[in-house]
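Hi everyone, thanks for coming. I'd like to walk you through a few local features of one model today, so please have the viewer open and follow along.

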Amino acid sequence: MVLTVTLNPIIEHRLHFSKINETETNRNGRLSYYAGGKGINVSRQLNKLGVKNLAVTFLGGEHGRRLRAALTAEEIAFTAVNTVAETRYGSVIIDDGLGKVTHYFGENARISKEESDAFKAKLEKMIQNCEYVVFCGSSPSPACDSIFAYGLELAEKYDKSSVLDSYGESLKIALDKNPTVVHLNKKEAGEYVGFTLSNEDDFLEALKIISAKGVKISVITDGGNAFYANSFGFNYKVTPPFVNKIDETGSGDAFVAGFLFGLSHDEILTDTLKHAAALGAANAESLQVCEVTPERMTALMKEVVVEPIGKKMNLMNEMV
């Protein structure tokens, strides 16, 4: 089972219009509520792929109640630590005719130290009962900055494979705790290593810095462009499939779900990268977030190209 950890969830209020006129009042939009947050997105995509998972998050207030209802309606298995502060909310305006999406996010919830400690206590129990644990997204407040690092310590203690996909202060703290896999996008990686990634050498140098932290597999993606991965010192360039992009929101989360799919099926690294790249690309084809079908993933992964850079790894040793 996969445990997904989301510290900064969001309930999206989605307004759908058949056509939006930006100079006039737009009426009669269809309202829907959508569960969001990076780990929750990963859980949604894993459900589509038939991978058993459980999401753990914070929930509070009226927005938390709506998010709880949305998770239940989507049949996303979850457990939560209650907070005094309202869960984050967002407004998403969708022009179905043009396939255009505009996002407006509210302020983060202010989590207390007591609530953070309760979350850590819950993690201790839950990590023991999973095979893989993924730490996704941002930290909503300073009291939460150390949760991912603490969770990674637990993953190592109980011999669980871990995936880290974060940024900012929580990333800086967590990278010292030996995550199995790290996924960052180009911007996040550049902010961490302190220089802009503008060519292949920059990507490889950033991967080298991240891998030196004890990370077994590190990946830096760049939207729909070619991206790079490092596994035990061996580098790969991955060219994702071309798709007609509609909305890239959640493509990084779909990518992580693809990686977890590969890990949970004991695939070699090259096939795992193909599944991840295919899911990330397929997600960008849709207005929905992390709802790619297994059939679409399989079709697109045939178009992914994985090339070793420099010394080559024996495929028998590519397993995590």
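Let me begin with what I mean by a patch: its residues have over 30% relative accessible area and no salt bridge, and like charges are joined within 9 Å. Please keep in mind that this is a predicted model.

With that in hand, which residues form a negative surface patch here? They are E200, D201, E205 and E307. Helix α7, residues 200–211, gives the largest share of that patch, with three residues. E307 sits in strand β14, which runs over residues 305–309.

Now turn to helix α1, residues 38–49. Please find them on your screens: G39, I40, N41, V42, S43, R44, Q45, L46 and L49.

Let's carry on along the chain. After α1 comes G50, with a positive phi near 75°. Then there is K52, in the loop between α1 and β4, the strand at 53–59. K52 has a relative accessible area of 63%, so this lysine is exposed. Which distance separates K52 from M1 in space? Their C-alpha atoms are 5.2 Å apart, although the two are 51 residues apart in sequence.

I've kept two backbone details for the end. E75 is not a glycine, yet its phi is positive, about 60°. You'll find E75 in the loop between α2 (61–73) and β5 (78–82). With a relative accessible area of 68%, E75 is exposed.

The other one is D159. Again we have a residue that is not a glycine, with a positive phi of about 60°. D159 belongs to the loop between α4 (147–157) and β9 (161–166). Buried or exposed, what would you say for D159? Its relative accessibility is 69%, so D159 counts as exposed.

Notes: Residues numbered from 1 in each chain as written. Predicted model: local features only at pLDDT ≥ 70, side-chain atom pairs only at ≥ 80, totals over all residues. Heavy atoms only, no water. Patch = residues over 30% accessible without salt bridge, like charges linked within 9 Å, V, L, I, M, F, W, Y side chains within 5 Å. Areas by Shrake-Rupley, 256 points an atom, 1.4 Å probe, with all protein chains shown as cover. Salt bridge = Lys/Arg side-chain N within 4 Å of Asp/Glu carboxyl O. Lys, Arg positive; Asp, Glu negative; His and termini not counted. Charge placed at Lys NZ, Arg CZ, Asp CG, Glu CD. Helix = DSSP H or I, 4+ residues; strand = E, 2+ residues; numbered from the N terminus. Buried < 20%, exposed > 50% of the residue type's maximum accessible area, 1.4 Å probe, protein only.
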